[in-house]
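Here's a quick tour of a structure, written as a briefing. Have a look at the picture first, then work through the points below.

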2 protein chains.
Amino acid sequence: MKCKRCGELAAVKLPSHHAGFCPDCFEVFFKRQAETAIRRHGMIKPGEKVLVAVSGGKDSLALMRVLTDLGHDVDGLHVHLGIPDSSDPVCERTEAYCQENGFRLHVLRTAEVGLAIPEVKDAVHRPICAVCGKIKRHYFNRFAYENGYTALATGHNLDDEVARLFANTLRWDAAYLSSQGPTLPGEGRFVRKIKPLYRLTEFETAAYCFLKGINHWKAACPYSGGASFTGHKKLFADLEDRSPGQKTAFYEAFLAQGRPHFKGASRGEGQDTLYACAQCGFPSSGEVCGVCRVRELVAKRKGEAD
Amino acid sequence: MKCKRCGELAAVKLPSHHAGFCPDCFEVFFKRQAETAIRRHGMIKPGEKVLVAVSGGKDSLALMRVLTDLGHDVDGLHVHLGIPDSSDPVCERTEAYCQENGFRLHVLRTAEVGLAIPEVKDAVHRPICAVCGKIKRHYFNRFAYENGYTALATGHNLDDEVARLFANTLRWDAAYLSSQGPTLPGEGRFVRKIKPLYRLTEFETAAYCFLKGINHWKAACPYSGGASFTGHKKLFADLEDRSPGQKTAFYEAFLAQGRPHFKGASRGEGQDTLYACAQCGFPSSGEVCGVCRVRELVAKRKGEAD
């Protein structure tokens, strides 16, 4: 197969785009997809400072790289979760990659705010992944807000977005369907959330990292049972095999024709109102936000153990 | 496994209902599911005459049986398509079954209205299944309307409905999503369309036929490439294996929480208006309806051949 742009030998085959690309032209394709996403969904304003949520995996490192190459003003934030044998090496690898590439990276250690994940796991009787996700989202947003970033970029790719959309659609969850998309506007203490890689698949992000020599962290979190939405991703992979382009078509049709019908859908009586958390001041559905409540549980358990 | 109702040995296992049933209790279950569908979706009014679309396959024969057993006043209509080596034996088998069971069955031969399917296939340059489906829907509705039936029942099962819903959702086709459901109200010359088996799976309908000794036609149409939506059905079968009850949950959540958001969605500018076909008088999106246009093409081709 020949590269669609330059006619040289193709290294990456993309059936959904009826195309193959050589390494250099694949990079051009990758950047253009991110550029299109940013432009079409008003993700980044001129001169805006963007914070990138950096886990150290392929998507977040590819995102740092491509946003920088597109000329945006980005800094990274890595949240160190305090998980033994995992958080330290992930953090070191991420810091090393950023230093080598001249990226500015902030590191926030949840242990320093009373939320080391092993202690959270022992104190909270809910699946740890859901609680950990809540904590990370809280601190990514909070750090951005408190440090003058008006946009927070995450590395969600097309497969992530399609799997989440399918999960929301299976339940016909109107409130979630009304707000799912590549850009979630900022409001009050919520900064704008953007997903510049939403037009690129997991495979394309992995290929980009491989071809660019991005040495990302590959192991799964020791606390998780594997990647989220694995079943839904497999299901859409089969669908894509049968008809290439189906994932993009499903997601883009949702944005153009589906989502508008759910505009303003409520989460249920009294569920839409947000208050300022009495402890941290960040948006909360109750008097005290979920993260501050978890912190209290951890502190209480430690107090009892002492 | 024991029967959930009577404690005898179960013959049919239904993970989505956390139940197994012996043959007699499975029949009770099957009838109740149809009864619930009819009641919840206002399918049949007291004393109403219902026409059942009878292909001769498992779903339509099970539907004739269960509606009769539930005390409804039903007649069948079988459309003989004029396909060599197929339509005659299907029709004979269907007539024999109805006669043995005391069901009244009308037979309409498309060849007698200038629409033998082999001739249609030669005259029309579109996939024959789509055209044949259009012709059948036209005549089922027309026969019902002209003979005083105010409801037309079809044998669509849960798998059919879920696959169709998924296809409409993949395209986020708002107009189709607004009208998909187990009951489509009658209007003008459109009689009410009802799907009393929509809560029952393909497996459950097949088990019902097997246990009741219903000798249905099993071969696929020689013109079709197999059942429709095969890929989508397989996909939802995998999903159901992973989490039993998912098909029902998806479809019922759509009816309760999804469909209302698409109410009144348009098919596009000027696409919603219906006219009376200048030739047959039945609803049409243009001056002459699609079925009358196909009939003209067939007649023209025969005229040229003579």
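**How the two chains meet**

In this predicted model, 18 residues of chain A are in contact with 18 residues of chain B; being in contact takes two C-beta atoms, placed from the backbone, within 7 Å. Residues are numbered from 1 along each chain as its sequence is written, while chains are lettered from A and ligands numbered from 1, in the order in which they are written. Since the model is predicted, local features need pLDDT of at least 70 and side-chain atom pairs count only at pLDDT 80 or more, whereas totals for chains, interfaces and linings use all residues.

**The contact surface**

- Helices H6 (158–170), H9 (230–242) and H10 (246–258) of chain A each give two or more residues to the side that touches chain B. (Helices, H or I with at least four residues, and strands, E with at least two, are DSSP runs numbered from the N terminus.)
- H10(A) brings the largest share of that side, six residues.
- Sorted by type, the side of chain A that touches chain B has nine nonpolar, six polar and three charged residues. (Nonpolar covers Ala, Val, Leu, Ile, Met, Phe, Trp, Tyr, Cys and Pro; charged covers Asp, Glu, Lys and Arg; the others, Gly among them, are polar.)
- The copies meet through the same surface, because 100% of the interface residues of chain A are also interface residues in chain B.

**Strand E3 of chain B and its neighbours**

- E3(B), residues 49–53, is mostly covered, with four of its five residues buried. (Buried means 20 or more other C-beta atoms within 10 Å of a residue's own, with C-beta atoms placed from the backbone.)
- E3(B) runs parallel to E4(B), residues 73–80, and five bridges join them. (Strands pair if DSSP finds at least two bridges between them.)
- B:Leu51 has B:Asp75 in E4(B) as its bridge partner.
- From E3(B), the chain passes through helix H2(B), residues 58–69, to E4(B) in a right-handed β-α-β crossover. (With the strands pointing away from you, the path from the first strand over the helix to the second runs clockwise.)
- E3(B) also pairs with E6(B), residues 151–153, in the parallel sense over three bridges, and B:Val50 stands opposite B:Ala151 there.

How values were computed: A residue is buried if 20 or more other C-beta atoms lie within 10 Å of its own, exposed if 12 or fewer, and partly exposed in between; C-beta atoms are placed from the backbone.
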